[in-house]
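Try each task yourself before you read the solution.

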Amino acid sequence: MIQQLQTIDGYSGFLSTVMNDPDFRSPHYKSAEEAEEGICRSLKKKNEQVLGVFDGAELTGIFIALLLDEEHYCEMLECYSENREAYRELFVYLQKRCPGYQIDFVFNPGNRLLQEELRKRGAEFEQEQQKMLLPDCPETEAYPDVRLLQKEDVPGYLAIHDRDLYWTGEKVLATPERFRSFVALADGKVVGYIDVTCCFDENEPYCLFVKEEYRNRGYGRKLLETAVSANRPKAMMLLVDTDNLPALKLYQSIGFQKVEGQNSLTAHLRLKEGIGYE
């Protein structure tokens, strides 16, 4: 049985057990206490559901879903379970609740149960990502060819923005309470950009891009350093593909450190309309 939770009182022991398992713990939090605080925040958000899966009276899973019905989009923010049947029940629920939706999962790479269920349904997987953290953002020099996005930069920014992401350039610009964007300029033209969150204790560069013909000229580093400096005094985290050695070296040279045990895997699944899964 699966039901929407209104509280997690009494479930601290369950959460602690999952968070102490290196294969099933959340990649987003260091401890059960942090995970519990995250769930409590989700309970207060209108677009997020905290779902509990029960076998009789026993809790076997807690799942957090961000649901954007107008866009037919769902993101599974957290999957706390070591139980195969709990994952199967989750997919039955999602198929009934979200037919035709695009669903993205971000989860622990060690979670073989979720991976198996996703593979059975034809999900696409991205490369495993390493979490990196910059606890204290340093102040860096200002670069004349990098600046906060201005009104006159918008057409050039949108022209080169990655459109295969959920957060397209248009969506980023429509949510200034969540994002800042910086652009790199050459001969007055936008040749690169970085979108970075600005509303969290640990903000994150969401997308960093430089046009191919302008790469290896230092624009990527300048954009990142500018975003880091603007983020002071908050911390900054990022996710980078584990096999992207040039990016890893760049981030480490600025001061980012690998966070062990918090790697993540992303999978994309589009549910078919009107078709259930066993």
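**Exercise 1: A strand residue and its surroundings**

Q130 is buried, with a relative accessible area of 7% (buried means under 20%, exposed over 50%, partly exposed in between, with a 1.4 Å probe and protein chains only). Before going on, note that this is a predicted model, where local features need pLDDT of at least 70 and side-chain atom pairs count only at pLDDT 80 or more, while totals for chains, interfaces and linings use all residues. Residues are numbered from 1 along each chain as its sequence is written, and side-chain values use heavy atoms, with hydrogens and water left out.

Task: find where Q130 sits and which residues it touches.

- Step 1. Q130 belongs to strand 7 (residues 129–134); helices (H or I, at least four residues) and strands (E, at least two) are DSSP runs, numbered from the N terminus.
- Step 2. Leaving out residues up to four places away in sequence, Q130 touches L238, L239, V240, T242, K258, V259 and N263, where contact means heavy atoms within 4.5 Å.
- Step 3. With N263, the side chain of Q130 makes a polar contact of 3.4 Å. That term covers a pair of N or O atoms within 3.5 Å; within protein, one must be able to donate a hydrogen and the other to accept it, and residues adjacent in sequence count only if both atoms are side-chain atoms.

**Exercise 2: The cores**

Task: work out which residues of the largest nonpolar core touch the most other members.

- Step 1. Collect buried Ala, Val, Leu, Ile, Met, Phe, Trp, Tyr and Cys residues joined through side-chain atoms within 4.5 Å.
- Step 2. The largest such core has 43 residues, and F63, M76, Y80, L94, F105 and L118 touch the most other members. Strand 3 (residues 58–68) gives the most to this core, namely six residues.
- Step 3. Now zoom in on L118: skipping residues up to four places away in sequence, it touches F91, F105, F107, A123, F125, A267 and L269.

**Exercise 3: Rings**

Task: classify the pairs Y166 with W167 and Y193 with F209.

- Step 1. Rings of Phe, Tyr and Trp (its six-membered ring) pair if their centres lie within 6.5 Å; planes under 30 degrees apart count as stacked, over 60 as edge-to-face and the rest as tilted. The structure holds 11 such aromatic pairs.
- Step 2. For Y166 and W167, the centres are 5.2 Å apart and the planes at 80 degrees, so call it edge-to-face. Both Y166 and W167 are buried.
- Step 3. For Y193 and F209, the centres are 5.9 Å apart and the planes at 40 degrees, so this pair is tilted. Y193 lies in strand 10 (residues 189–197) and F209 in strand 12 (residues 205–210), so the pair ties together parts that are 16 residues apart in sequence.
- Step 4. Y73, Y166, W167, F179 and Y206 form one aromatic cluster.

**Exercise 4: A helix**

Task: how many residues of helix 7 are buried?

- Step 1. Helix 7 covers residues 219–230, which makes 12 residues.
- Step 2. Nine of the 12 are buried, among them Y219, L223 and V228.

Terms used. Expected span 1.5 Å × (residues − 1).
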